[in-house]
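Trainee: I would like to learn how to read side-chain contacts in a model. Could we go through them one kind at a time?

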Amino acid sequence: QVQLVEFGGGLVQPGGSLRLSCAASTSIFMLYGMAWYRQAPGKQRELVARITSGGSTNYADSVKGRFTISRDTAKSTVYLQMNSLKPEDTAVYYCNGRLTDRAGPKDYWGQGTQVTVSS
């Protein structure tokens, strides 16, 4: 069972920056695809950014050019650098790890961290 623990949420003013971190308790972190999702009140959870085991990335249109996802295999950690934050970025952010084997994909989730963008 893989545990994912997020850090770095908080309150920030519009235009500000935050960096989220997600530490994974696995020795085979390099095999996992990692992603950040978010869920705002009354809305469905949505994909924010994804990074594959090979380092390829993709982003939701709403965050392109503002957010950057990265991973540090040595630390088994994935990051989300968020710049030029907007009030509409306010949500609970969840770390996701996916491992695909012969049995198919298995998803693991962190507990979530609150990001609030407000003046």
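Trainee: Does Lys-64 count as buried or exposed?

Mentor: Burial is judged by relative accessible area, where buried means under 20%, exposed over 50% and partly exposed in between, with a 1.4 Å probe and protein chains only. Lys-64, at 51% relative accessibility, counts as exposed. Keep in mind that this is a predicted model, in which local features need pLDDT of at least 70 and side-chain atom pairs count only at pLDDT 80 or more, while totals for chains, interfaces and linings use all residues. Residues are numbered from 1 along each chain as its sequence is written, and side-chain values use heavy atoms, with hydrogens and water left out.

Trainee: Which residue does Lys-64 meet in a salt bridge?

Mentor: A salt bridge is a side-chain nitrogen of Lys or Arg within 4 Å of a carboxyl oxygen of Asp or Glu. Lys-64 meets Asp-61 in this way, at 3.1 Å from N to O, and Asp-61 is exposed, with a relative accessible area of 65%.

Trainee: How many salt bridges does the structure hold, and which residues are joined into one network?

Mentor: The structure holds five salt bridges. One of them links Arg-66 and Asp-89 at 2.8 Å, N to O, and both of these residues are buried. Salt bridges that share partners join Arg-66 and Asp-89 with Arg-38 and Glu-46 into one network. Glu-46 and Arg-38 themselves meet at 2.7 Å, N to O; Glu-46 is partly exposed, at 35% relative accessible area, whereas Arg-38 is buried, at 6%.

Trainee: How many aromatic pairs are there?

Mentor: Rings of Phe, Tyr and Trp (its six-membered ring) pair if their centres lie within 6.5 Å; planes under 30 degrees apart count as stacked, over 60 as edge-to-face and the rest as tilted. The structure holds two such pairs. In the tilted one, Tyr-32 and Tyr-108 lie 6.3 Å apart, centre to centre, with 55° between the planes, and both residues are buried. The rings of Tyr-37 and Trp-109 have their centres 5.0 Å apart and their planes at 65°, so that pair is edge-to-face.

Trainee: Which ring centre is 4.7 Å from the charged end of Arg-45?

Mentor: A charge sits over a ring if NZ of Lys or CZ of Arg is within 6 Å of the ring centre and within 35 degrees of the ring normal. The ring in question belongs to Trp-109, a residue that counts as partly exposed at 36% relative accessibility. Arg-45 also lies over the face of Tyr-94, at 3.8 Å from the ring centre.
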